[in-house]
Amino acid sequence: METPTRSTRSPFRGSTAVRAGLITWDRLLGPDFRRLRPDVYVGAATEVDTRVRVEALSVWSRGRGVVAGPLAALAFGAECPWEDAEIVIPRHCRVPPAEVTVRTGALGDGEIATRFGCRITSPLRTAFDLARREPLVEAVAAVDSLAHVSGFTAERLRPLALEHPRARGIVAARRVIGLMDGRAESLPESRLRVGLLERDVPPGVPQFRVSLLTGKGVRLDLAWPHRRLALEFNGPEHRTITGQNRDAFRTGRLDDLGWEILPVTSAMVLDPVAFDELAARVLRKLR
């Protein structure tokens, strides 16, 4: 172990460094270091990103734990509506940190992967754990994103649920697996898709590809090809001058092919009344 400094990028146990004579507690508790977990520190100049958070949790468990839940999803490059720390350890932890969810139990060999040199739950196991969370829409969005970056489908996730028929939240997990679609490319797109399904709108096709008359191919966030109707989620990049001009050209070229594009904003999805109005609008156009 090297002498810890303000620039130390890898989390370490403070007590180990102190016992080795590399640092004093007074210095460790000063402005040059940041406490991440009980007895786990990193240099104050280090950005606390996903890697650092995963490593810190692993160091806290002395390498015995398997990082799970949102942090595991983020480690695979997925988006996740939650950021809380969760870890699976082989036996009971007497005094777990208040900010960490500790689960005890054994994981199968196929349920463990490695990222940043640490053990984390595999994409399928991570998806299964997130699928048992609430609310339903957020759980589907989390699983969609993980499926998108990892390339698995409901058919691959479903057997894992069958292996754990008595797991807490298994009923919710089965419903999430039935709703998931890894073609969605963002959490807002998943929230839009699932929210419409909950309002009895027929399923749309995420990221439907259309070839324009110019020969260029474009993808539509959520489409009903038989009606040439699509919803496009307008995030911040669509509100710039460049984004507005790009959207105008794109919409016009889709109109040349008979497509009707309905823009959707986050406010329309977050407001239940506005969401109901959007769903009713889509239903009318699909009749």
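I'll go through the sheets, then the aromatic rings, then a couple of single residues.

Housekeeping before anything else. This is a predicted model, so keep the cut-offs in mind: local features need pLDDT of at least 70, side-chain atom pairs count only at pLDDT 80 or more, and totals for chains, interfaces and linings use all residues. Residues are numbered from 1 along each chain as its sequence is written, and side-chain values use heavy atoms, with hydrogens and water left out.

On naming: helices (H or I, at least four residues) and strands (E, at least two) are DSSP runs, numbered from the N terminus. Two strands pair if DSSP finds at least two bridges between them.

Strand β7 (residues 112-115) and strand β8 (residues 118-121) run antiparallel and are joined by four bridges. Ile-112, for instance, has Thr-121 in β8 as its bridge partner. There are two residues between the strands, and Phe-116 in the turn has a positive phi of about 60 degrees.

Now the four-stranded sheet. This one is also open, in the order β9-β10-β11-β12, but with mixed pairing. Its edge strands are β9 (205-211) and β12 (260-264), each pairing on one side only. From one strand to the next, the twist averages 50 degrees. Inside the sheet, β10 (residues 217-224) and β11 (residues 229-233) pair in the antiparallel sense over three bridges, and Trp-224 is bridged to Leu-229 in β11.

Which helices lie across these strands? One is α10 (residues 241-255), which lies across β9, β10, β11 and β12 at about 75 degrees to β10. Another is α12 (residues 272-286), lying across β10, β11 and β12 at about 155 degrees to β11.

Okay, rings. How many aromatic pairs does a search of the whole structure find? Three. The rule is that rings of Phe, Tyr and Trp (its six-membered ring) pair if their centres lie within 6.5 Å; planes under 30 degrees apart count as stacked, over 60 as edge-to-face and the rest as tilted. Take Phe-12 and Tyr-41: the centres are 6.4 Å apart and the planes are at 35 degrees, so this pair is tilted. Phe-12 sits in β1 and Tyr-41 in β3, so the pair ties together parts that are 29 residues apart in sequence. Phe-12 is buried at 7% relative accessible area, and Tyr-41 is buried at 7% too. Buried means under 20% relative accessible area, exposed over 50%, partly exposed in between (1.4 Å probe, protein chains only).

Then there's Phe-208 with Trp-259, centres 5.9 Å apart and planes at 40 degrees, so tilted. Phe-208 is in β9 and Trp-259 in the loop between α10 and β12, so this pair ties together parts 51 residues apart in sequence. Phe-208 is partly exposed at 25%, whereas Trp-259 is buried at 6%. And ring pairs link Phe-12, Phe-33 and Tyr-41 into a cluster.

Last stop, Arg-64, in the loop between α3 and β4 (66-68). Not counting residues up to four places away in sequence, Arg-64 touches Val-88, Pro-90, Arg-91 and Arg-119. Arg-64 and Arg-119 are 55 residues apart along the chain, and their C-alpha atoms are separated by 8.8 Å.

Technical notes:
Axes are lines fitted to C-alpha atoms, for helices over the stretch in contact, and angles run from 0 to 180 degrees between N-to-C directions. Contact means heavy atoms within 4.5 Å.
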